[in-house]
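Welcome, and please take a moment to look over the model below. We will then walk through some of its features together.

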Amino acid sequence: MQNAKAIETALKNLGIESPAAVRYNLLPEELVEATLCKDQGVLADSGALCVSTGKFTGRSPQDRFIVEDEVSKDRVDWNAINKPFDAAAYDTLRAKLVKYYDGKEIYVRDVQACADPEYRTNIRIVTEYPWSNLFVYNMFLRMSEEELENFEADWTVLNAPGFEADVEIDGTRQPNFSIINFAKKEVIVGGSGYTGEIKKGVFSVLNFELPAFRDLLTMHCSANVGKDGDAAVFFGLSGTGKTTLSADPNRLLIGDDEHGWGENGIFNFEGGCYAKTIDLTREKEPEIFDAIKHGAILENIGFFPNTRTVDYEDSTVTLNTRVSYPIYHIDNIVEPSMAGHPKNIFFLTADAFGALPPISKLTPGQAMYHFISGYTAKVAGTEVGIDEPVKTFSACFGAPFMPLHPTEYARMLGERMEKYGVNVWLINTGWTGGPYGVGNRIKLKYTRAMITDALEGRLDNVEYEQEPVFGLHIPKECPGVPSELLNPRNTTWADKDAYDRRANKLAEAFINNFRKFEEGADEEMMAAAPRVIETA
């Protein structure tokens, strides 16, 4: 491990001159104790540390910027998500942030991203709060003392929730901000205690550098592998079931959120999991439930009255209650977090409008179309300002974290799908029999059964029927799943005309969204677009 003098010198090189104290790579137990001593958290009866992230209980994507400079200006896909930030304004704001550290106890941690040594990235993360540092310990790859001795950071993250920008002077939209500087290899985060800003800032960095310079496909997905080595990938936005469905007791977990796909196969970027906990039960999600113990961090949860027992149904603060834990809190994991090329890819969507079937098999053209579309109904509470489910399209199932143009990621995915003969499935983890408020949420046990049938080849030889709007191929039978659940129009919807209207409306939204990608789409992809059908 690096000595105090080396760390002091490194911090001075970052402009951090006079902190009251520097706590370097503390043990989880020490960070928990520091949090409790500062009255910044309490312990649940499970041993997990419970904290409040303050005003922000989700990411604030409108306050995430990328510095426009010689590295980024011709490569970043500048749009409403990837918003440019002036380089000079960045320098000024950054100087204020590091000055803010003066006189404060700060926490420094050296970690890595990317389980595959070929793509390993060294990251130094400075945090204002001890529990933010514990989050870093949980979520990134932990290093041995020997590895830390000669550590040199490829990237630096400066995190200060208590520091706010001056909107009139600093050029931010609000006092909170997350800004990536590719030329200086830095991320600065201020004004928000939501730990996901650290995690997704680093993910955005990897999503730029690794595809652009290393020909590595980066993916917003979870992944697991069977005992026979058959890897599977689950794409989906927050709330669609990536973490839940990849935590399968019969398969080994590779990771729950961020992965790369290279010549050797797939691998995890992270060293931990960041799962939603709203309505969590041991019965529904035993792996996640049992991972919540000493060392885990619960964010923005509530307790049963006069106890330290967590009430996972409590959404008083937010629906986006979360837990962070190191991956070793789960027993059935792959170490290191790597596997071969996937045999099955699942696109997860929580369709709040009840139009999509619970499982369907996609043609190659449909796979590319749905990957670029990235449809789901965004779950309330995941982002600031989202209070009800909202129809949304997020390219590559992760547009807020993808600095390059979506077609670049889609091209790489298409090449790998073709090269390795991958099956692609669309899974609706949302509603059936009607939209949100009318229909019913598809039961987790049925979703698990359908995915297991796909993974184990039981859907390879069954009969399929093609629905007319999206052209999706729906299996007529699926062991362990009621057959009436499989085709929503024919079975779960009582009013067929109402289903047709809902499906057409969703199809129109797909078509309108895809117009911005048509220029780069090929004929096969365009042929996969849904079709609005005539109704009575």
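Is aspartate 170 buried or exposed? Aspartate 170 is buried, with a relative accessible area of 2%. Here buried means under 20% relative accessible area, exposed means over 50%, and partly exposed covers what lies in between (1.4 Å probe, protein chains only).

Before going on, a word on the source: this is a predicted model, in which local features need pLDDT of at least 70 and side-chain atom pairs count only at pLDDT 80 or more, while totals for chains, interfaces and linings use all residues. Residues are numbered from 1 along each chain as its sequence is written, and side-chain values use heavy atoms, with hydrogens and water left out.

**Salt bridges**

Side chains of opposite charge can pair when their charged atoms come close. A salt bridge is counted when a side-chain nitrogen of Lys or Arg is within 4 Å of a carboxyl oxygen of Asp or Glu. The whole structure has 24 salt bridges. Three of them, including that of aspartate 170, are set out here.

| Pair | N to O distance |
|---|---|
| Lysine 12 and glutamate 17 | 3.5 Å |
| Aspartate 170 and lysine 96 | 2.8 Å |
| Lysine 419 and glutamate 263 | 3.6 Å |

Aspartate 170 forms its salt bridge with lysine 96. Because aspartate 170 lies in helix H6 (residues 167-170) and lysine 96 in helix H3 (residues 87-100), the pair ties together parts that are 74 residues apart in sequence. Helices (H or I, at least four residues) and strands (E, at least two) are DSSP runs, numbered from the N terminus. Lysine 96 is partly exposed, at 30% relative accessibility.

The salt bridge between lysine 419 and glutamate 263 links helix H11 (residues 406-420) with the loop between strand E14 (258-262) and strand E15 (265-268), so it ties together parts that are 156 residues apart in sequence. Lysine 419 and glutamate 263 are both exposed. In the remaining pair of the table, lysine 12 is partly exposed at 35%, and glutamate 17 is partly exposed at 44%.

Salt bridges can also be found in a network, which here links Lys199, Lys200, Lys242, Asp257, Glu258 and Glu270.

Now turn to helix H1 (residues 4-13), where Ile7, Ala10 and Leu11 are buried. Seen down the axis of H1, these buried residues fall within an arc of 100 degrees (taken from the directions from the helix axis to the C-beta atoms), so they line one face of the helix. Lys5 and Asn13 are exposed on the other side of H1.

**Backbone details**

Most residues other than glycine have a negative phi, and most peptide bonds are trans. What is the phi of cysteine 114? Cysteine 114 has a positive phi of about 85 degrees, although it is not a glycine. Cysteine 114 sits in the loop between strand E6 (105-113) and strand E7 (121-127) and is buried, with a relative accessible area of 0%.

Aspartate 279 is not a glycine either, and has a positive phi of about 65 degrees. Its loop runs between strand E16 (272-276) and helix H9 (286-291), and aspartate 279 is partly exposed at 35% relative accessibility.

Finally, glutamate 335 and proline 336 are joined by a cis peptide bond, with omega about -10 degrees. Proline 336 is in the loop between strand E20 (322-326) and strand E21 (338-339).
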